[in-house]
Amino acid sequence: MIQDPSSKYRRFDPVGLTDRTWPDQVLTAPPIWCSVDLRDGNQALIEPMDRERKLEMFELLVAVGFKQIEVGFPSASQTDFDFVRDLIEQDRIPEDVTIQVLTQAREPLIRRSFEALEGAPRAIVHFYNATAPVMRRVVFKMEREEVIELAVTHARMIRELADARPATDWTFQYSPEMYSGTELDFSRDIIDAVVEALGSTPDNRCIINLPSTVERSMPNVFADMIEWTGRHLQHRDSVILSVHPHNDRGTGTAAAEFAMLAGIERVEGCLFGNGERTGNVDIVNLALNLYTDGIHPGLDFSDIDAIRSRVEYCNQLPVHPRHPYVGELVYTSFSGSHQDAIKKAFAAREEGAIWEMPYLPIDPMDVGRSYEAVIRVNSQSGKGGVAYLLEREHGLDLPRRLQIEFSGVVQSVTDATGREITAAELWNIFNDEYLGETGDYRYRAHQLVEDSASGHVDLKVQVDVNGQTRTLSAQGRGPIEAFVSALSEELGEPVTVVDYHEHAIGGGADARAATYIELKLGAGRTLFGVGMNGNIVTASLSAIISGINRALAAQRADRSAA
Ligand SMILES: CC(=O)SCCNC(=O)CCNC(=O)[C@H](O)C(C)(C)COP(=O)(O)OP(=O)(O)OC[C@H]1O[C@@H](n2cnc3c(N)ncnc32)[C@H](O)[C@@H]1OP(=O)(O)O
Ligand SMILES: CC(C)C(=O)C(=O)O
């Protein structure tokens, strides 16, 4: 990089529009969408689509709901020519869909394009020529007037060729190429001349497409350019104004949205932003931005993953895991505070209410994604995420202090391994820590006799103690009190129950109880034990044993550390 970039790169001049209105506009409806996947997208592929892939893409675009589809550059390649012929001859174009083809403003290419379109019920003939100063100077070596003459001559030719084929319903589209880098007054002059040459009227409008062939300015400057152009065209009412943003500065989406505010009625782009260099504007992104603003885009992305895999197949290019709305990771939170907020918001959410989900701008279900990947656990995660996964996968509703305790256990694993823990691995860790069979005591069976007169119970619990079966007996006001009293005697120090939580998992005959008991052995620290069983008393006794085993292990660890 050089020290003074201004010696090499010219800053893009602002338009100087002081009475701009676009910043105060609000979008209330989608634009006309035109997919250029089969043309601009295709011309940017390492391996352009073959016939079979083109057809797959066309059918996908139709299924998504595009009503205008640029199907190719038939004068440029036999593949594109044959593909357009197939669509027409095999009657593959639905009645509400119009195909569009691109051609340079060159006679042989225009004639060949009409040949390709012979017999089409409807078609948009899209022609372009370079207008930007560098292109006029370097490519055409022409003055402004000569470039206008080139455009007008070919516009007339197109109109004549169309008039000679009245069976097709024709629409004309003109692009001053590199509108984004062309002087505004020159774009206006050439557009005015072309609109007149095409004979467009308010009842028979042409499309004027303003391409950011290379994105050159900040999106606010682009919006000023669009508003300026819209205001200064001589025949604005005879024109459908369209944009064709590329993403060279990474602001293609913003540019398109600002252009909509500035008055354009149509957007050309590609699915997931395929296209030349950094891509065409991503229509999925634009459409779902509208959707999350409460406006139906008129395109259907209900199964976005299926669309992605078909696009990846056709383009032979992967979609990035962080790509808006579709990437593999875009509905996933790893970080603790995000997970905590999501977990709480899911718990607070009422069916049918407005979507107010922290860190999830769209309900994944709306685009066919599940809640499964919403929370994933690694060393950046906190108790909320861990608890969320145990709740979602196993129906466990851990009390807050147990969440904190278990999150510490998980954190020590993630810190040690440095990698993500899957939901299955998380369950194994939970199982080993609280439900495992490795501690000093193991529950075997119990017998409970209730004395309704005294309100006391007589409890016998059969346990394995380090491999030997023993029976512990005690009385109490309930099974927990009785068992804790028996264990206190057995262990020679008091066992104190600090807290108790219990809930059902599942329903009906298969319902099970999950019991969480926070207890203290002697003067040791308080620890949780967990029990799960179809019998609520067994679940409680198992939870006490789980807690005692953990307390004994902690005592041993504390002694060996001392
Ligand atoms: C910004 C865009 O995406 S525009 C679309 C671009 N897409 C493509 O180019 C993909 C398909 N293109 C092709 O297959 C070929 O480029 C074709 C068939 C269109 C033309 O092929 P060729 O005639 O061999 O020319 P080539 O590809 O070298 O293009 C350069 C020529 O086109 C001329 N040209 C470029 N744009 C235009 C235009 N809009 N109108 C008239 N002439 C033009 C140039 O002046 C140059 O002419 P020259 O050879 O007399 O100097
Ligand atoms: C032909 C035009 C619309 C184009 O693809 C571009 O300028 O990017």
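Predicted model: local features only at pLDDT ≥ 70, side-chain atom pairs only at ≥ 80, totals over all residues.
Biologist: Is His-246 buried or exposed, and why?

Modeller: His-246 counts as buried because it has 25 C-beta neighbours inside 10 Å, and the cut-off for buried is 20 or more.

Biologist: What does the UniProt record say about "binding site" residues here?

Modeller: The UniProt annotation "binding site", which comes from an unreviewed entry, covers Asp-40, His-244, His-246 and Asn-280. Although these residues are spread over 241 residues of sequence, they cluster in space, with a largest C-alpha distance of 10.2 Å.

Biologist: Which residues are around ligand 2?

Modeller: Around ligand 2 there are Asp-40, Leu-102, Tyr-128, Ser-175 and Glu-177, together with Asn-209, Pro-211, Thr-213, His-244 and His-246. Sorted by class, this shell has three nonpolar, five polar and two charged residues.

Biologist: And which strands each supply at least two residues of that shell?

Modeller: Those are β5 (169–177) and β6 (206–212), each of which supplies at least two residues of the shell around ligand 2.

Biologist: Now for ligand 1: how many residues surround it, and which are the closest?

Modeller: Ligand 1 is surrounded by 16 residues, and the closest are Ala-76, Gln-104, Ala-105, Arg-106 and Asn-129. By class, the shell around ligand 1 holds seven nonpolar, five polar and four charged residues.

Biologist: Which element gives the most to that shell around ligand 1?

Modeller: That is β4, which gives three residues, while α1 (37–43), β4 (122–130) and α5 (133–140) each supply at least two.

Biologist: Changing topic, how is the chain divided into domains?

Modeller: The chain is divided into domain 1 (34–315), domain 2 (336–435) and domain 3 (441–561). The centres of domain 1 and domain 3, taken over C-alpha atoms, are separated by 73 Å.

Biologist: What about helix α12, how many residues does it have and what does it reach?

Modeller: Helix α12 (residues 336–348) has 13 residues and reaches 18 Å from its first C-alpha to its last, close to the 18 Å expected at 1.5 Å a residue. The buried residues in α12 are given as His-338, Gln-339, Asp-340, Ile-342 and Lys-343, and what covers them includes α13.

Biologist: Which residues does Tyr-388 touch, again not counting residues up to four places away in sequence?

Modeller: Tyr-388, which lies in helix α13 (residues 383–394), touches Gln-339, Lys-343 and Ile-375. The C-alpha atoms of Tyr-388 and Gln-339 are separated by 8.0 Å, although the two residues are 49 residues apart along the chain. Tyr-388 is buried because 24 other C-beta atoms lie within 10 Å.

Definitions and conventions:
Residues numbered from 1 in each chain as written. Chains lettered and ligands numbered in written order. Near = placed C-beta within 6 Å. Helix = DSSP H or I, 4+ residues; strand = E, 2+ residues; numbered from the N terminus. Nonpolar A, V, L, I, M, F, W, Y, C, P; charged D, E, K, R; others polar. UniProt positions renumbered as here; feature names shortened; annotations may be inferred. Buried ≥ 20, exposed ≤ 12 C-beta atoms within 10 Å, placed from the backbone. Contact = placed C-beta atoms within 7 Å. Domains from an automatic or database assignment. Expected span 1.5 Å × (residues − 1).
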